[in-house]
Amino acid sequence: MTAIVSIRIQEADFDTAREIAQLSKGRTDIGAVVSFSGICRGSEHGDVISALTLEHYPGMAEAEITRHANEAMARWPLNGLTIVHRVGRITPGENIVLVVTASSHRQAAFQAAEFLMDYLKTSAPFWKREEREGGDNWVEAQAHDDAAARRWTRS
Amino acid sequence: MKIKYFAWVRERIGKGEEILDPPPTVRTVGELVAWLSSRGETYAHAFETPKVIRAAIDQVHVRPETAIAGAREVAFFPPMTGG
């Protein structure tokens, strides 16, 4: 069977269990499904975060995610892939992002999910703005996220 | 060409996009940043640390030395923080 790829950027929340079920529904070739959910935290270094607002570059965000999804499909034997990234205002406890990978065996599913998240963090054009008690501020990129993405670079 | 700004670059400049016609001496992304910086205080503030500014031409990541010839849309933004 061919791999099913679904990439969505949306304001609405998503149902993680439903997304996982959708990917493996009616198939007998999938032996492993890995999912990663990114969730909005209510505090950062002891400061209360009341909400995040996610901004994105429409068009390029979809293109960048698709580019990395295609690379993941080329690098690992995946049967399916779902990526959902929310934009707009998100409050603590709510979903931000979902990556689901399906394969015959667990290793490909684990590695592809981690690869996709590392690249979503560092090269997909999304920006987080935090609402804090002392005022709003843009989240700064983390050097350890860049280092995580570099692990996947093939020389 | 259409120039787009995102996140704090957009906030500092005070607009999300504009149509500009840089002079022919502006050949690269880095030169475009320098030219934009000279357009006023808001631009100078947005581009005060050029090395942190990321750029895309026609929705593909590019580096400061990339030529802008033929670009329809150039975007400037801070390092990405999605996921």
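In this predicted model, helix α3 of chain A, residues 106-123, packs against helix α4 of chain A, residues 143-150. Two packed helices are described by the angle between their axes and the distance between the axes. For α3(A) and α4(A) the angle is about 130°, and the axes are 9 Å apart. An angle over 145 degrees would count as roughly antiparallel, and one from 65 to 115 as roughly perpendicular.

Which residues of α3(A) meet α4(A)? They are Asp118(A), Tyr119(A), Lys121(A) and Thr122(A). On the side of α4(A), the partners are Asp145(A), Asp146(A), Ala148(A) and Ala149(A). Sorted by class, the residues of this contact are 4 charged, 3 nonpolar and 1 polar.

Helix α3(A) also packs against α2(A), at an angle of about 155° and with the axes 10 Å apart. Because angles over 145 degrees count as roughly antiparallel, α2(A) is roughly antiparallel to α3(A). The crossing of α2(A) and α3(A) is right-handed. From α2(A), the contact takes in Glu64(A), Ile65(A), His68(A), Ala69(A) and Ala72(A). From α3(A), it takes in Ala112(A), Phe115(A), Leu116(A), Tyr119(A), Leu120(A) and Ser123(A). By class, the residues of the contact of α2(A) with α3(A) divide into 8 nonpolar, 2 polar and 1 charged. Tyr119(A) is in the list for α2(A) and also in the list for α4(A).

The next topic is where the two chains meet. Chain A gives 22 residues to the contact, and chain B gives 14. On the side of chain A, at least two residues each come from β4 (47-56), α2 (60-75), α3 and β8 (126-132). Which of these elements supplies the largest share? It is α3(A), with 5 residues. The side of chain A that touches chain B has 14 nonpolar, 5 polar and 3 charged residues.

Chain B has a helix α2 of its own, residues 29-37. Within this helix, Val29(B), Leu32(B) and Leu36(B) are buried. Viewed down the axis of α2(B), the buried residues fall within an arc of 55°, so they line one face of the helix. What covers them? The cover includes a helix of chain B, α3 (41-46), and the strands β3 (54-57), β4 (60-62) and β5 (73-77) of chain B.

Key
Residues are numbered from 1 along each chain as its sequence is written. Chains are lettered from A and ligands numbered from 1 in the order in which they are written. This is a predicted model: local features need pLDDT of at least 70, side-chain atom pairs count only at pLDDT 80 or more; totals for chains, interfaces and linings use all residues. Axes are lines fitted to C-alpha atoms, for helices over the stretch in contact, and angles run from 0 to 180 degrees between N-to-C directions. Helices (H or I, at least four residues) and strands (E, at least two) are DSSP runs, numbered from the N terminus. Two residues are in contact if their C-beta atoms, placed from the backbone, lie within 7 Å. Ala, Val, Leu, Ile, Met, Phe, Trp, Tyr, Cys and Pro count as nonpolar, Asp, Glu, Lys and Arg as charged, and the others, Gly among them, as polar. A residue is buried if 20 or more other C-beta atoms lie within 10 Å of its own, exposed if 12 or fewer, and partly exposed in between; C-beta atoms are placed from the backbone. The arc is that of the directions from the helix axis to the C-beta atoms. Angles under 35 degrees count as roughly parallel, over 145 as roughly antiparallel, 65 to 115 as roughly perpendicular and the rest as oblique. A crossing is left-handed if the near helix is turned anticlockwise from the far one by less than a right angle, and right-handed if clockwise.
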